[in-house]
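Biologist: I am new to this structure. Please show me how to read its features.

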Amino acid sequence: MTIETRPRPDTRTTAAPHARKRRRFTGGWVAYGLLVALALAYTFPFLVQLATSFKTEPEAAANPLGLLPSTWSGAAYSSLFANSDFPSWTMNSLIVTVLVTAGRVFFDSLAGYALARLKFRGRTTVFAILVGVMAVPGVVLLIPKFLVLNQLGMYDSYTGMVLPLLADAAGVFIMKNFFESVPASIEEQARVDGAGVFRTFWSIVLPMSMPALMTIVILSFQGSWNELNHFIVSTQSPELTTLTKGVAQLASGQLSQGTQYPLKLAAALLMTVPVAVVFFIFQKRIMNSTAGAVKE
């Protein structure tokens, strides 16, 4: 008589997958918890800014970190447009920002293509100087910039505000690296068809560089919109005051006495809206443009 014995299942092998799943589940919740905490830490100042701009002056001074005003008031926005040159500041900033952004997209892409594709003597030296310029703090150049603008007769004018910002080393560096990733065979086919250097750049390579161009647009718009030091040394007329200079004047107590928390934060809130809109619009363009990347 034989007794048939069945093998007992190994509980260690069956329990191991469940333990791994529990660890992954726990680790995922911990990671999401940390991300939520970081998101709240970054968004809390913006929420305080939004809430304080709708508070009354006494409430803002008594409870500056409160997120729910006891009395909602739009007096700060009314005072901002009625008692200051906020519309004029905004118009000056828009003019300068649009011109600077368009100029940087054009000149940065031209310079980047030249450094990436054209063979000329001293190209390595030029690129080394470009990288060196990126390491120089902008504050160091303020006094020389003022002297140059004054000597050339561009001080206190739109030309002096826009011209020194039409190209930047970081934008050239970004475009150069992107153009080097474009297959050279595409340009060779265009040259066989009779296209010159600029025609190849403008009609073939530049349309393929939309992700890099959108990056330049975002960085240029944000940088020129938030620029302050350059406008301080390049202008003095109230008619040429930009939004950053105007908001800085409000922060120093230009309109009235007291803390002026609602007024200052209302101006700062309105100032951040165009940058946020441009970022979200062109961020989607960057994501959509990468789908058509050419591979060799």
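Modeller: Start with contact, which means heavy atoms within 4.5 Å. Leaving aside neighbours within four places in sequence, Ser224 is in contact with Thr97, Val100, Thr101 and Phe231. This is a predicted model, where local features need pLDDT of at least 70, side-chain atom pairs count only at pLDDT 80 or more, and totals for chains, interfaces and linings use all residues. Residues are numbered from 1 along each chain as its sequence is written, and side-chain values use heavy atoms, with hydrogens and water left out.

Biologist: Is Ser224 buried or exposed?

Modeller: Buried means under 20% relative accessible area, exposed over 50%, and partly exposed in between (1.4 Å probe, protein chains only). Ser224 is buried because its relative accessible area is 3%. Its place is in helix 11; helices (H or I, at least four residues) and strands (E, at least two) are DSSP runs, numbered from the N terminus.

Biologist: Which residues touch the most other members in the largest nonpolar core?

Modeller: A nonpolar core is a set of buried Ala, Val, Leu, Ile, Met, Phe, Trp, Tyr and Cys residues joined through side-chain atoms within 4.5 Å. Here the largest has 13 residues, and Leu80, Phe86, Trp225, Leu243, Leu250 and Ala267 touch the most other members. Helix 14 (261–289) is one of the helices that supply at least two residues of this core, and its share, five residues, is the largest. Ala267 contacts Leu80, Phe86, Val247 and Leu250, leaving aside its neighbours within four places in sequence.

Biologist: Where is Leu65?

Modeller: Leu65 sits in the loop between helix 2 (57–62) and helix 3 (75–82). Leu65 is exposed, since its relative accessible area is 55%.
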